[in-house]
Amino acid sequence: MPERELADIVAAIEPLDEAAAAAARERQGRMTKPPGSLGLLEDISVQLCGLAGSCPAPLPSPACVAVFAGDHGVHAQGVTPWPQEVTAQMVANFLAGGAVVNAFAAQTGADVVVVDIGVAADLDLVPGLLSRKVSRGTRDFTAGPAMTRAEAVTALLAGAAVADELVQAGNRCLLTGDMGIANTTASAALICAFTGRPAAEVTGRGTGVDDVTLARKVAVVSSGLTLHQPDPADPVRVLAAFGGFEHAGIAGFILGAAARRVPVILDGVIAGAAALAAVALAPAAAGACIAGHRSAEPGHIIALDHLGLRPLIDLGLRLGEGTGAVLALPVVQSAARALRDVATFDSAGVADKPLAEGG
């Protein structure tokens, strides 16, 4: 049964290895630098060791970003001026190598795959596209659940399977990407449901909508919350009520990475909303998550705060696609490499304490 398969994935996710994490902290204290001088990078290196169960941890390379693509029934509520057809058009752009995420991935050495998990159009199978379509888009969550529970579970399992396939192919770091017109509206609803924060505080401008459209988005999210009365204790039901297939797919992708003890770098607000669902299902999955960046969307930092994650970079991005996660990849790799390669005071013959004043 699909729900049993999902439960098995969740059961395979274990907390970070405390012995390996402690060894990483101890090594950080002996490296040829002032204690704590690498800031958040030291925390990332400790996390990577705890995840791998060894110190130092393997370098998180090679890496692959999976762009999950799906359409949203709530688009019918006028929450964005962009036509729904743009989702499929952008998928074609990703596959042709013409999107920003492709450019950034080429710079950082990451591969890009696109996962059709719920695009409303039929897509031709071409290299780089994984067809995992659950349905041709979700339903309008202001009129009923966006997905059935069975659809949500199917999308979760599809995402976990993609993570498994990418790890089996040799990837040692996974990155989240997304594409779906109107998916910031669904993300806002998910973040409200999991954090209890109000729609007006969470909902942002997405692709840059005007004040009238923003007010409409807030009203749509509020209406959906009133209709569904979400209970975060049942994360699958919350996903089904509001989420896109890409949200459920990314949540499963996080669970699959965590079960495989492979780090997953999260992109922006869509990934943050999906991570809330993943961690609600398996709290230990947070140990595999690294927040690549802080999105300009207000709901993103709310989601990250709820997850206890600190973003690595803050460039005012709000593009999606996985761009922020890809930009953070070299930072994560540098954290692992520093722990592995930097000499200790003993091995380098460097004094490990500053001279006393006047000495």
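Okay, let's start with helix α7, which gives the biggest share of the lining of the largest pocket, 3 residues. Before I go on: this is a predicted model, where local features need pLDDT of at least 70, side-chain atom pairs count only at pLDDT 80 or more, and totals for chains, interfaces and linings use all residues. Residues are numbered from 1 along each chain as its sequence is written, and side-chain values use heavy atoms, with hydrogens and water left out.

So, pockets. On a 1 Å grid over the protein atoms alone, a pocket is an open set of points with protein on both sides within 12 Å along at least five of seven lines, a cavity is a set where a 1.4 Å probe fits but cannot get out, and lining residues have an atom within 4 Å of a point. Volume here is the space filled by probe spheres set on the points, which are joined across faces, edges and corners.

The largest pocket comes out at about 520 Å³. Its lining has 29 residues, and Met-179, Asn-183, Thr-207, Arg-318 and Leu-319 are the ones nearest the centre.

The second largest pocket is about 160 Å³. Leu-48, Pro-58 and Arg-172 are among the residues lining that one.

There's also 1 cavity of 30 Å³ or more. Ile-13, Glu-14 and Arg-261 are among its lining residues, and Arg-261 is one of those lining the second largest pocket, too.

Now, where's the packing? A nonpolar core is a set of buried Ala, Val, Leu, Ile, Met, Phe, Trp, Tyr and Cys residues joined through side-chain atoms within 4.5 Å, and buried means under 20% relative accessible area with a 1.4 Å probe, protein chains only. The largest core has 84 residues, and Leu-174, Phe-242, Phe-253, Ile-254 and Leu-255 touch the most other members. Apart from it lies another core of 42 residues, Met-179 among them.

How many aromatic pairs does the structure hold? There are 2, counting Phe, Tyr and Trp rings (six-membered ring for Trp) with centres within 6.5 Å; planes under 30 degrees apart are stacked, over 60 edge-to-face, the rest tilted. Phe-68 and Phe-253 have ring centres 5.4 Å apart and planes at 65°, so they're edge-to-face. That pair joins strand β1 to helix α11, across 185 residues. Phe-141 and Phe-242 also sit with centres 5.4 Å apart, but with planes at 80°, so that pair is edge-to-face. Phe-242 is buried, at 1% relative accessible area.

Terms used:
Helices (H or I, at least four residues) and strands (E, at least two) are DSSP runs, numbered from the N terminus. Buried means under 20% relative accessible area, exposed over 50%, partly exposed in between (1.4 Å probe, protein chains only).
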